[in-house]
Amino acid sequence: MAEAGKPAGSFSAEGHGWAAGLIRFGGLFGIALAAFALVLLVFGKNPIKAYADIFSNTLGSAYGFSEVLVKMIPLTLAAVAAALPARIWLINVGGEGQFHMGALFAAWGALNFASLPAWLLIPWISFLGFLGGGLWALISGFLRARGWVSETISTLLLNYVAILVLSFFIFGPWKDPESANYPQSAPFADAAILPSFFGTRVHLGLIYALVALVFFHLFISRTRWGLEMRAVGANAEAARRNGIPIGRYIMALMFIGGGLAGLAGMAEVSAIHGQLRPSISPGYGYIGFLISWMAMGNAAGILAAAFLLAIITAGGDILQMTLRIPGSVVNILMAIILFVILARKGGGR
Amino acid sequence: MESILIGLLVGSVHSGTPLLYATLSEVISERAGIVNLGLEGVMLMGAAAGFATTALTGNAALGVLAAALAGGLFNLFFGFLVITRRANQLASGLAMMFCGVGLSALLGVSFVGSKINGLDEVRIPLLSDLPFAGPMFFNYDILVYLAGPIAVLVWWVLFSTRWGLSLRTVGENPTAAFAAGKNPYFLQYQALFIAGMLGGIAGAHLSIALAKTWQEWMTAGRGFIAVALVIFSKWHPLWAVFGSLLFGGAIALQLQMQAMGVPISPFLLDMLPYLLSLGVLAVWGGARRFAAPGSLGRVFQGTE
């Protein structure tokens, strides 16, 4: 398992013209849309209506567009969470678990330090969110650095555990006594709610996401560590002989990556939900991994793919309402997009 | 006390059966050099196709057949990606998982709430009336009885037939297999189809024999647990029987404790199989890596 495959984050996206890349990207996307339309047709749903509904409810109005931005926040953070470890060919598929752990840690801070003023409380829960996700990912990082367990399988397994931990708290010790029937925590104090902008749900997390993306770009292209990581990624054995501490890189990158996914969880419970509840994520962590894969570790690519998948994620809710099909059906569309990328020439690299 | 113990053992067998089919599926594909993280999706496709067929026809045997076919075809598409298109196996597997989650949800949506009779228990006459041993060994559905023999069959085919030898050669060193006049691609496709059928049956056992209702994402990570079980079993079909019973036991223990009203949160108990997988991998993973097929996860680039 340890050497299985070459993960995302290779360099093949570089060196191509942007326009050509965009056209190719658009073509692949078109194929994916057509294939998904076919699936809907087979199941007796109207694909034209599906696409029209998705379009008019996302890009068709200012509010719809703002909702796409709202979805982009956790997706971008989760994508960087996968892209950063991918620099040394680590496969972090644990964004989902790290997201939930970040939400859990942040909720602990929000519930127990409610009396703090916002200018203190918000940095505090942001830190806690980062810490929660980071520590969760560090488990997998440690197991991998020791050569014991492939991070792919451990992050996947820990996703399920993290969601159960969160359920344990909201069904048990943290359950709000005021809400007799709903498993959810007490609402957070106002000071623990991330501020939002322009009367929409777009919140401070957007800044976090953009900063994370810029940090990611500068880190990989402008720093010594970024260069060393390329060396680790290209040839671990040579890197080891040159005195690059691979184990430490593995754990550090997993921690920071997981931390970013945790930050996404924090932002989501604080700004969107205002309390801890079940099903706070429609799979942000997994979708983030897909984005990172699609973007080949390129920061601008992450932004573009996050935008695209934010529309699709929002589309899941819309299809559920207008076509009465399960929201998870958009998983098919995501899978098809991945298929066309994987099946094109050189998809293995 | 005795009834609790029997309940636990019976539960281990029930919960272990889908795990065993799934693990055998992964053993076959990994022996051919292909890691299939899409197993979760294969199982879901099998569970949904099997349930839908059973609900429509009222015939559980047809349901199992449909599940096997759905799983096999689903895996063939995975094969197209990783064999013909030489795509990355892990990313392709995850994409297949997503696809399985979505497709099975779409397929199952009209069956939410419908009940089926499912696979009946086959009571073995006389033996099933024995005290203790009766309920413990002789009162299961047909898929449970078949699971063990199928594991033996897989073992025999992989290790004692010419075809199995070729398959394992492809998994160890596809270039050598190619040089020996075998077609690695064709063998891998065959392996994936058979593995897909077993994965589909694993899902069908969950939906037709155990749950008897349809629920979105009802496999709940069992596909990934099976991937861990393969490592635990050292890629060996017979060890897989033992591993599946052990992990089935973890699931059964949790159900049994909940039924008895043990005052531990069910969410903590639910973690047991996942943590057990991780723990087992951590202990096993360091020492037994060498049991893995040599070319696992690598893409055979042809010989040109």
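In which sense, left-handed or right-handed, does α11(A) cross α12(A)? I began my notebook with this crossing, and I found it to be right-handed. A crossing is right-handed if the near helix is turned clockwise from the far one by less than a right angle, and left-handed if anticlockwise.

**Entry 1: conventions.** I noted that the model is predicted, that local features need pLDDT of at least 70, that side-chain atom pairs count only at pLDDT 80 or more, and that totals for chains, interfaces and linings use all residues. Residues are numbered from 1 along each chain as its sequence is written, while chains are lettered from A and ligands numbered from 1 in the order in which they are written. Helices are DSSP runs of H or I with at least four residues, numbered from the N terminus.

**Entry 2: two helices of chain A.** I looked up α11(A), residues 284–295, and found that it packs against α12(A) at an angle of about 140 degrees, with the axes 8 Å apart. Axes are lines fitted to C-alpha atoms, for helices over the stretch in contact, and angles run from 0 to 180 degrees between N-to-C directions. The angle makes α11(A) oblique to α12(A); under 35 degrees counts as roughly parallel, over 145 as roughly antiparallel, 65 to 115 as roughly perpendicular and the rest as oblique.

I then examined A:I312, which lies in α12(A), residues 299–322. A:I312 is buried because 22 other C-beta atoms lie within 10 Å. The cut-offs are 20 or more such atoms for buried, 12 or fewer for exposed, and in between for partly exposed, with C-beta atoms placed from the backbone. Leaving aside residues up to four places away in sequence, A:I312 touches A:V330, A:L333 and A:M334; contact requires C-beta atoms, placed from the backbone, within 7 Å.

**Entry 3: where the chains meet.** I recorded 44 residues of chain B in contact with 43 residues of chain A. On the chain B side, α4(B) supplies the largest share, 13 residues. By class, that side has 29 nonpolar, 10 polar and five charged residues. Ala, Val, Leu, Ile, Met, Phe, Trp, Tyr, Cys and Pro count as nonpolar, Asp, Glu, Lys and Arg as charged, and the others, Gly among them, as polar.

Entry 4: At 1.5 Å a residue, α4(B) should span 28 Å, and its end C-alpha atoms are 27 Å apart, which agrees. The expected span is 1.5 Å times one less than the number of residues.

Helix α2(B), residues 39–57, packs with α4(B) at about 15 degrees, with the axes 7 Å apart. That makes α2(B) roughly parallel to α4(B). Their crossing is left-handed. Among the residues making the contact are B:L44 and B:F51 of α2(B), and B:M96 and B:L103 of α4(B).

**Entry 5: positive phi angles.** Most residues other than glycine have a negative phi. I noted B:R86, which has a positive phi of about 55 degrees although it is not a glycine. B:R86 lies in the loop between α3(B) and α4(B), and counts as partly exposed because it has 19 C-beta neighbours inside 10 Å. I also noted B:W217, not a glycine, with a positive phi of about 50 degrees. B:W217 lies in the loop between α9(B) and α10(B), and is partly exposed, with 17 other C-beta atoms within 10 Å.

Conventions. Contact = placed C-beta atoms within 7 Å.
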